[in-house]
Amino acid sequence: MSIKPSVVEVRKLSLSLGGHLILNNVSLTVPAGLVYVIGLNGSGKTSLLHCISNTRKFQDGSIHLLGKDLKTLSPRQISHILALVPQRPTISFHLTTYNYVLSGRFPFISWLGNYKKSDHAQVSQTLDKLELLGFKDRYLHELSGGEFQQIAIARAMVQETPIIVLDEPTQSLDPKNRKKIYRLLNELVEKGKTIICSTHDGEPLREEKRQIIGLSNGEIAFQGAGSVSKSEIDRLVYQM
């Protein structure tokens, strides 16, 4: 049986914030596919995803993306490898939805600083696929939390990176749109993307073609793939 090469490798990662240890000697490997990161609030999920995405600096350890040391990569190089959908993006709410999604094409912008026709086509096609084309002229401050979360995912998609990291992307969504997002994540994986997604939802954890990384008190409590019993996850990750 062939072993899938690692897309992301984390080795002995430690992070302290304000004198508090958030991640403690975390090591894990992420092969290609769909990976869910789970754990109690405060377990270190968001911090781990931000370290992997280079939006939070860590004190000790190393992270490799596609075999390349994160610390040796420029922000532009990282933007061609990984797209992040954070819980609370820092944005200008005076942007229109269309222009916000278009900014996901910034890594591909020409030296003249102009977007090409192909960039605009990519944005329109993605908004249409997500059934969000009707929002293109609305300003971000006019969107609900759930609507904005879907727009943020559209922005990550147009960035066309092999890795997409999402921090609780369905937290503001109703059940119908939650299913829509999880269906979309599976479609992206089928197209060759690697998805790393933190979640509190139990439903996607029952999918066969997924892996789970469980965090507890800043440490890896569980990592596995395939069929995993709910009782095992509850015991190791949620301490129930």
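**View 1. Gln223 is placed in strand S10, residues 219-225.** Helices (DSSP runs of H or I, at least four residues) and strands (DSSP runs of E, at least two) are numbered from the N terminus. The model is predicted: local features need pLDDT of at least 70 and side-chain atom pairs count only at pLDDT 80 or more, while totals for chains, interfaces and linings use all residues. Residues are numbered from 1 along each chain as its sequence is written, and side-chain values use heavy atoms, with hydrogens and water left out. Gln223 is partly exposed, at a relative accessible area of 37%; with a 1.4 Å probe and protein chains only, buried means under 20%, exposed over 50% and partly exposed in between. Apart from residues up to four places away in sequence, Gln223 touches Leu28, Thr29, Ile212 and Ile213, contact being heavy atoms within 4.5 Å. The C-alpha atoms of Gln223 and Leu28 are 8.1 Å apart in space, although 195 residues separate the two in sequence. The Gln223 side chain reaches the backbone oxygen of Thr29 at 2.7 Å.

**View 2. Thr170 occupies the loop between strand S7 (163-167) and helix H6 (175-190).** Thr170 counts as buried, at 3% relative accessibility. Its side chain makes a polar contact with the side chain of Asp201 at 2.8 Å. A polar contact is a pair of N or O atoms within 3.5 Å; within protein, one must be able to donate a hydrogen and the other to accept it, and residues adjacent in sequence count only if both atoms are side-chain atoms. Not counting residues up to four places away in sequence, Thr170 touches Asp201, Arg178, Ile181 and Tyr182.

**View 3. Leu66 sits in the loop between strand S4 (60-65) and strand S5 (68-69).** Leu66 is partly exposed, with 42% relative accessibility. Beyond its neighbours within four places in sequence, Leu66 is in contact with Val7, Ile81, Pro162 and Ile163. From Leu66 to Ile81 the C-alpha distance is 8.2 Å, and the separation in sequence is 15 residues.

**View 4. Helix H1 (residues 45-52) is largely enclosed by the rest of the structure, because 7 of its 8 residues are buried.** The buried residues of H1 are Lys45, Ser47, Leu48, Leu49, His50, Cys51 and Ile52. Asn54 follows H1 and has a positive phi, near 70 degrees.

**View 5. The structure holds 0 disulfides.** A disulfide is a pair of cysteine sulfur atoms within 2.5 Å. For Cys51, the closest cysteine sulfur is that of Cys197, and the 18 Å between them is too far for a bond. Cys51 is buried at 0% relative accessibility, and Cys197 is buried with a relative accessible area of 0%.

**View 6. The largest pocket contains about 530 Å³ of space.** On a 1 Å grid over the protein atoms alone, where a 1.4 Å probe fits, a pocket is an open set of points with protein on both sides within 12 Å along at least five of seven lines; lining residues have an atom within 4 Å of a point. Grid points are joined across faces, edges and corners, and the volume is the space filled by probe spheres set on the points. Of the 25 lining residues, Thr55, Leu82, Leu84, Arg155 and Gln159 lie nearest the centre of the pocket. Helix H2 (75-79), strand S6 (82-85) and helix H5 (145-158) are the elements that give two or more residues to this lining.
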